[in-house]
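Student: I have the model open and some questions about it. Can we go through them one at a time?

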Amino acid sequence: MRKNYLLLLIFSMFISSVWGQSLQVTGKVTSATDDSPIPGVTILIKGTQKGTTTDVNGAYKLDASANSILVFSFVGMKQLELPVNGQAKMNVRLEEDKINLGELVVVGYSTTSRKLISGSIGLVNGDEIKSAPLRTIDGVLQGKSAGVVINQNSGTPGGQNSIKLRGGSSINASNQPLIVIDGVPVITGSFGQIGYSGQEIDALSDLNPNDIESFTILKDASATAIYGARASNGVILITTKKGSLQKTDISLNTSYGWQSIPSERIPELMNAAQWNEYKGTTVEGIDTDWMKEILQVAPTSNNELSVSTGNNKTRLFISGSYFKQDGTVKSTSFDRYSGRMNVDHKITEKLTIGGSASMSYSKNKRVEGDQTLFGPLPNALSIPAIYPVYNADGSYNEDGPYANPVAIINETQNIAYTNRNGGNVYLEYKCQNGFTFTSKWSADIYSLREHEYDPITTRQGAKYNGLGIEGNSYVSNLVSSNVLQYSTTLVEKHNLEGLVGYSTEKYARRNSYIEAIDFPNEKLQYITSAGTIRAASTTSLDRGMSSYFGQFKYNYLYKYILTLTARADGSSKFGANNRYGYFPAASLAWRLAEEKFIKKYSWINELKVRASIGLTGNDGIRDFSSLGLYEGGFNYGGVSGTAPIQLPNPDLKWESTLQKGIGFDLGIFDDRLSLNVDLYLNKTSDLLLDRPIPSSTGYTSITANIGDLENKGIEIMLNTKNIKKAFTWNTSFNIAANRNKVIKLNNGQPITDQGRGGNWVVEGEPIGVFYGYRCLGVDPTTGNLVYEDISKDGELNSDDLTKIGNPNPDFTAGLTNNFSYGNFDLSVFLYSMIGNDIFNGSWIYLQSGTGEDNQTTAMLRRWMKPGDITDIPREGDTYKSSRFIENGSFMRIKNVTLSYTIPASVLNKVKLKSLRIYASGQNLYTFTTYTGMDPEVNYYSNDNVILGTDFFTYPQSRTFMIGLNAGF
């Protein structure tokens with residue numbers, strides 16, 4: 001018996017010794033909902049401050065005693081306490097807390113739970129991107145978020161579109177939002193030097209939407225102020241895809257489609273017989289359909305391959321794609337090759353490094369567009385059918401009033417080549433006590449080469465004995481940012497987050513341009529073969545920006561939320577006395593859904609009210625506007641010379657916008673219905689305008705801060721889950737209304753008669769309103785047009801000019817319905833603009849009744865004799881008048897996609913993870929009263945003032961497409 005007691009004592013002492021020893025506990029923390037890893041979980045040894053956090057894969061390591069208790073906590077999850085009990089490995093599943101804080105969203109230099117955001121944002125996630133088989137970023141975003149207005153100004157392949165958030169905040173500076181990819185501002189805009197009449201190249205066209213995980217759209221000052229000087233027009237944050245965790249996924253996407261201009265949108269032009277009757281001519285035997293000669297059913301295709309893989313330390317994503325789009329106007333096309341690699345590697349528990357590299361090459365074949373005598377589309381519309389394409393000897397017929405469009409298509413070379421390379425590297429170090437330091441360095445390099453050649457076989461080439469142009473543009477933007485973040489929770493009630501940071505940017509641009517004539521023959525098309533150099537120039541630009549920023553976030557029990565943000569930006573663009581701009585913002589939110597008096601209503605899942613105020617800036621002005629500038633080329637007597645061309649203004653400062661907003665978010669019936677509403681008032685001051693000065697100074701104007709304008713509006717986003725059974729039906733609807741008004745100009749003087757449509761900037765009116773003569777109709781006695789004599793002086797002059805239209809829409813809206821039954825899915829997306837006017841400048845020529853331009857068949861019902869009642873005069877004029885103003889409202893069936901997912905039981909036999917096949921239609925039909933080819937139009941690309949004008953503009957095409965998505 002004594003021996004047994006001795007053995008028991010020895011065993012107890014051994015167990016106690018082991019129990020008190022330290023051991024390394026490892027494991028992984030996942031969500032109990034979907035088993036996904038949870039990064040950032042705090043793990044503490046109970047009763048101490050010793051602990052760690054999980055990495056991006058949810059993994060952790062912690063030295064603890066065998067008898068200690070580990071406490072696992074994470075925002076939005078139930079806290080969990082588990083005894084170690086001598087275990088060296090502890091895998092943990094955390095359940096969602098009753099406080100559901102929603103998905104994590106990228107906002108500025110950090111991420112946060114969506115329900116803790118106190119500012120105004122929009123979110124477009126991966127599912128929405130995947131459901132729209134579009135290959136441009138702006139095409140994917142259109143109509144998906146309230147207040148984001150994207151105009152696809154033309155159907156030019158790879159062409160530039162305009163993006164506006166909550167209206168335009170400037171007259172002369174940029175109105176485009178800042179685009180940030182993976183935390184880095186990127187190069188956007190058009191850098192072409194060869195003018196194509198509004199059909200510009202867009203740097204955004206080089207980005208592949210399939211590489212994108214999500215878009216976050218920052219709208220109000222609280223959300224955007226962290227970007228300071230470039231945030232007045234909003235910010236679009238793009239997050240690209242990362243590698244998978246503990247698995248390898250291979251994805252193949254391929255599609256092929258056909259494009260055409262809808263026949264119902266092509267104007268009805270006079271044929272040869274109608275033209276002969278109209279003009280009283282007798283040309284016979286020729287009836288050329290010029291539109292048929294230049295238009296085609298154009299193919300488009302896309303092929304993408306990506307690999308996503310990773311383990312508990314490294315994640316890797318690699319993708320490559322080839323996109324090809326031929327234009328519906330012959331000889332136009334856009335080809336893009338792109339590739340991306342993203343990698344993240346965890347060196348230690350505290351140190352993570354990573355980076356990304358992207359490359360793209362594109363080839364854009366263009367033709368001249370609007371505002372030219374050498375554009376295939378405007379010329380095909382304007383040349384009467386009595387002229388043949390070819391002469392009897394096979395040469396091009398050039399007897400018509402304009403250059404032969406078929407000759408331009410077949411013979412002219414207009415090609416733009418772009419190479420874009422971007423990359424970034426980052427380091428993230430988790431310090432002690434909740435501090436994290438991140439350093440990121442990036443480069444974005446954009447190179448564009450333009451080549452144009454008009455041989456002597458074209459009318460323009462014959463004029464110069466061959467015309468050749470070469471343009472080269474090089475643009476680079478180098479960015480460095482360093483951010484220190486801190487987060488903690490005090491007494492399990494007070495949640496605090498803060499960050500401070502510093503960033504620098506260095507921007508460079510180099511241009512060269514050379515134009516030559518007198519080429520020996522049409523086969524030798526490069527400058528080296530030219531006989532005469534007609535023009536040549538090179539330019540150089542360097543600018544920089546340095547910024548300091550900070551943000552503080554606080555919430556109490558996830559109910560009362562405060563966010564304070566500030567940024568200071570210094571830019572070489574502005575005067576010595578105002579080199580830095582300061583941009584503060586604040587926002588508050590109250591989550592009423594967490595209050596006891598609301599919780600008793602179980603059907604309310606979320607109810608939050610928000611308010612924000614802040615100041616943002618706009619640095620998108622001409623470089624060196626504050627400096628006195630000199631220019632060379634003022635030569636005399638064979639001696640080179642320079643001359644002053646701009647007066648200095650050292651007091652020049654930033655355009656700034658004071659933004660105020662309120663809103664609320666509501667979710668009910670287990671989020672079967674969610675509603676987001678925002679109201680805002682944005683007032684922009686210190687607009688940069690040219691102030692006239694006496695000519696005796698040797699100058700005509702000086703750039704100064706002298707204008708004000710405002711934008712106010714409402715945005716509504718409604719999402720519903722209508723049916724949740726074997727058959728599902730979900731709806732997403734958004735609508736926005738923005739009202740823009742110019743408050744102040746220089747001494748009240750309007751900016752007049754801009755562009756083909758006569759856009760004006762006038763105090764008390766929206767930017768770009770149409771001014772002209774008010775047409776009262778056709779005098780049935782004379783057949784002449786009658787205009788309102790506003791001044792009552794018996795004459796038609798400038799005193800009779802009045803507002804005749806507004807190109808700015810009253811409302812924009814998007815509606816998406818997603819249906820699912822079994823393995824079938826159907827998505828229907830409608831997009832609409834309501835209340836805007838269009839100046840149909842094409843009709844000035846095609847319904848003029850004068851000149852040699854072909855006419856539409858509307859002229860067949862023109863006034864012919866006294867007593868005729870008609871709206872078409874016997875002979876028109878080219879006055880900018882209300883006669884050419886039309887209602888531009890439209891609703892377009894933008895996209896319909898029907899897909900079928902092959903069952904897993906079938907795929908297992910061929911070792912496929914997934915296979916989806918689909919058929920899609922884009923721009924299927926447009927409901928509108930507009931008589932031009934496309935109501936979603938602007939011939940002058942994304943100009944701030946020249947808006948809503950159609951002048952022989954390349955229309956969008958209707959596309960039918962089939963494709964598949966395969967996973968391996």
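Student: Is T538 buried or exposed?
Tutor: T538 counts as exposed because its relative accessibility is 65%. Buried means under 20% relative accessible area, exposed over 50%, and partly exposed in between, with a 1.4 Å probe and protein chains only. This is a predicted model, where local features need pLDDT of at least 70 and side-chain atom pairs count only at pLDDT 80 or more, while totals for chains, interfaces and linings use all residues. Residues are numbered from 1 along each chain as its sequence is written, and side-chain values use heavy atoms, with hydrogens and water left out.

Student: Where is the place of T538, and what does T538 touch?
Tutor: T538 is in strand β26, residues 532-556. Helices (H or I, at least four residues) and strands (E, at least two) are DSSP runs, numbered from the N terminus. Not counting residues up to four places away in sequence, T538 touches N511 and S512; contact means heavy atoms within 4.5 Å.

Student: OK, cores. How many residues has the largest nonpolar core?
Tutor: It has 42 residues, and W290, M291, L377 and L381 have the most contacts inside it. A nonpolar core here is a set of buried Ala, Val, Leu, Ile, Met, Phe, Trp, Tyr and Cys residues joined through side-chain atoms within 4.5 Å.

Student: Which elements give two or more residues to this core?
Tutor: They are α5 (272-279), α6 (290-294), α7 (376-382), α8 (405-411) and α11 (843-846). Leaving aside neighbours within four places in sequence, M291 is in contact with I266, L269, L377, A380, L381 and M933. Another core, of 20 residues, lies apart from the largest one, and V124, L134, L165 and I238 are among its members.

Student: Which residues form the nonpolar patch on the surface?
Tutor: I347, I353, L427, Y429, F435, F437, L484 and V500 form it, with about 600 Å² of accessible area together. Patches are made of residues with over 30% relative accessible area and no salt bridge; like charges are joined within 9 Å, and nonpolar side chains (Val, Leu, Ile, Met, Phe, Trp, Tyr) within 5 Å. Areas come from the Shrake-Rupley method with a 1.4 Å probe, and for residues only the protein chains shown count as cover. Strands β22 (413-430) and β23 (435-454) each supply at least two residues of the patch.

Student: And where is I347?
Tutor: I347 is in the loop between β20 (333-346) and β21 (351-365). I347 counts as partly exposed, because its relative accessibility is 39%.

Student: Backbone next. What is the phi of D518?
Tutor: D518 has a positive phi of about 65°, although it is not a glycine. D518 is found in the loop between β25 (494-517) and β26, and is partly exposed, with a relative accessible area of 30%. D753 also has a positive phi without being a glycine, about 50°, but is found in strand β36, residues 751-754.

Student: Last one: how many salt bridges does a search of the whole structure find?
Tutor: The search finds 40, where a salt bridge is a side-chain nitrogen of Lys or Arg within 4 Å of a carboxyl oxygen of Asp or Glu. One of them joins D665 and R610, with the closest N and O atoms 3.1 Å apart. D665 lies in β32 (residues 655-668) and R610 in β29 (residues 604-618), so the pair ties together parts that are 55 residues apart in sequence.

Student: Is that pair buried or exposed?
Tutor: D665 counts as buried at 10% relative accessibility, and R610 is buried with a relative accessible area of 8%.
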